[in-house]
Amino acid sequence: MSHTVDNFRLQVLANHCTAAAEAMGYTLMRTAYSTFVKETEDFSAQLMTPSGKTFASPKTFGATWYTGLDYGRVIQMTDDYREGDIYLTNDPYSGYVSTHTPDMHVWKPIFRDGRLVCFVGTHIHNTDMGGAVPASLSRTLTEVHQEGIRIPPMLLMRDGVIDEKLLRILAINVRMPDQNQGDLNAQIAALNVGERKVHEIIDRFGVEEFMQGAEAILDYAEQQTRALIREIPDGDYAFSEYADEDSVGGYPCRIHITLRVRGDELTLDFTGSDPQVASSLNVPTGGDGHHSVITVGLIYVMHSLAPRNMLNYGSVRPCHAVLPEGTVVNPHAPAAVGMRSLMAAVIQACTFGAFNRALPERLPACPAGGSTLLNVKTATREGRQVLSSIGPCGGGAGAGPEFDGVEGCGANNAFLKNTPVEINEAEVPIEIIRYGLVPDTGGAGRLRGGNAATMEFKLLAPNGVVTARNRNRSELAAWGVVGGKAGANSRFIKNPDSAQPEELRNSDLVNCAPGDVIRLEGPAGGGYGHPYERPIEQVVEDVRCGFVSIAHARDAYGVALGPDLTVDVAATQSLRSGQPPRPGHFDFGPGRSRFERIWTPARYDAMTRIMAAIPVSWRHFVKHRMFEALKDTAPPPDGGAADIERIYATLAQRYADLPRPADLAARG
């Protein structure tokens, strides 16, 4: 199709399409039942080409992960689309549009004069889809069958008639069926609004200009991205990032990216990332090199570098991801995938790190990541069962070349909103004790990392269960750059002020009795630039605002303050004259430093080479045996790759189903 829409009319058309997607989003938000949709805004709305490429979506609310969403694979599973049809799916392994079971995607074809002109679609995160645990998701789960009911792409509505049998099957498998039904009705309403808005646009522009314009909008976003990539020096930029645990009580889980920039194209090569895990941290992509969960970090980087550029599927066309099979970024079914959002945050941080190597003076330090999504299952005084999200609790953004990190709201939280305390206490029988910021947690720097948020609440009824999805960063912090310090780690505590507080760390499933108190402190963003270069008056203002304590001002920033916040000039000059040596480009914090003293690049690379050559079903097991064998074992000067080969040889002797080392060498 030739694209003949002139640039002026194209921008007007793009604005109309964005407004249509936003109207869909507002309809969904205002008519939804669940707190997680109507308050937190974990939803998306899209206008898509007939091939399924997103060309318009809301700009300021909803889940921004889905800007580059491609419905193509699920759309192709049906060849009998009719006017008025509505389809749905939440199966992570059917078309790879939904990426865990709570994400319900629905889409509708739009016809004009019998011609398919586009699709409209929405997704929401259902608070519960059944399964082994309340809210359906936990690190403890090991296969997708435990994560709730799965619906492959199928027809929900035809000729205005909804499939009541499907709804009955759904209702009997979830914990709060009225909530799920209400949210699904909201999605249907949003699709109908989208259909009406598309027809209004076509009334103004005509069918041909609308369809050509949709493709031209994608092409224009692609051109903008290619121009931006040309500003990045050609080269290979490698970076690694880790989740704290690959399973309950497990070992760190690595994402490794080699960013290759060549002219106006780039590759994100995930070779070297960990094998798929025996927990729910896997990210189901089907190997799609443009998958939206894989490329969302790229979208964030590009928007940071050029905030006026269009964002849609065309924005990721110049990028291709290499996603090796049987790894945590391309698992085989039936691997559990419920915590893919945790690993998605790790993938984003790794993407930020790779681009930070390429453009060290233009991009910020690492945002907190690890935003915990809290749900409470309990009962009212009358015995009515309640299962509701009480909102995300995370940490601040990373500091950048020009600005401090935003407090309590990481830059990659996908526009998810907090739930007001009044709403939580009205909908769930809990008492919110504290909700605010944690001083001294943001990474120190010339520009300060954003502080962490904290939430503390008391359960009022028996048999309560708190689920805390995406628990992470209890050990491995958000990194600082160019002299800035890493942010503080997260904490998760049960009954924190009692005689026997319980440190829950990365636990995501907590049984509670009446009167139990849960306190969550998120991680914090990294700092930018050396802390002693921060102007003294800014440090004083930080203390006055409660972001930094007097003690931390002295210890981290070299600024001595009296109780009345007057500056002790002599003491400050003395402190800052003894400026500690500037570290390397990245400050990873003590947790990662301890880990990488044992797990050198040589050892890790040797392990991942072996993993790629052995059966997928053995990989997680073998990785754990290697970690156990090397616990607290310092590497030799060459990095210790031979240690990994020796450990594997021992395992291959013990387990007959493992390939012999000689066979691995022959394959390599």
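The model is a predicted one, so local features were kept only at pLDDT of at least 70 and side-chain atom pairs only at pLDDT 80 or more, while totals for chains, interfaces and linings use all residues. Residues are numbered from 1 along each chain as its sequence is written, and side-chain values use heavy atoms, with hydrogens and water left out.

The protein chain splits into domain 1 (7–223), domain 2 (364–530) and domain 3 (599–666), with bounds that come from an automatic or database domain assignment. Taken over C-alpha atoms, the centres of domain 1 and domain 3 sit 44 Å apart.

Helix α4 covers residues 164–173, and its buried residues are Leu166, Leu167 and Leu170. These line one face of the helix, since they fall within an arc of 95 degrees when seen down the axis of α4; the arc is that of the directions from the helix axis to the C-beta atoms. Here, buried means under 20% relative accessible area, exposed over 50%, and partly exposed in between (1.4 Å probe, protein chains only). Helices (H or I, at least four residues) and strands (E, at least two) are DSSP runs, numbered from the N terminus. On the face turned away from the buried side, α4 carries the exposed residues Lys165, Arg168 and Ile172. The buried residues of α4 pack against β3 (86–89), β6 (154–158), β7 (161–162) and α5 (177–205), where contact means heavy atoms within 4.5 Å. The N-terminal end of α4 is capped by Asp163, with a side-chain oxygen 3.1 Å from the backbone nitrogen of Lys165.

Ser44 belongs to strand β1 (residues 43–48) and is buried, at a relative accessible area of 5%. Its side chain makes a polar contact of 2.6 Å with that of Gln46 and another of 2.9 Å with that of His123. A polar contact is a pair of N or O atoms within 3.5 Å; within protein, one must be able to donate a hydrogen and the other to accept it, and residues adjacent in sequence count only if both atoms are side-chain atoms. Gly72, in helix α3 (residues 72–75), is buried too, at 3% relative accessibility. Gly72 and Ser51 are 21 residues apart in sequence, yet 5.5 Å apart in space, C-alpha to C-alpha.

As for cysteines, a search of the whole structure turns up 0 disulfides, a disulfide being a pair of cysteine sulfur atoms within 2.5 Å. The sulfur of Cys393 is 11 Å from the closest cysteine sulfur, in Cys409, which is too far for a bond. For Cys545 the closest cysteine sulfur is also in Cys409, at 18 Å, again too far. Cys393 is buried at 1%, whereas Cys545 is partly exposed at 43%.

The whole structure holds 25 aromatic pairs. One of them, Phe595 with Phe627, is stacked, at 6.1 Å centre to centre and 15 degrees between the planes. Phe595 lies in helix α13 (residues 589–598) and Phe627 in helix α15 (residues 616–629), so the pair ties together parts that are 32 residues apart in sequence. Trp618 and Phe621 form an edge-to-face pair, at 5.7 Å and 75 degrees. Rings of Phe, Tyr and Trp (its six-membered ring) pair if their centres lie within 6.5 Å; planes under 30 degrees apart count as stacked, over 60 as edge-to-face and the rest as tilted.
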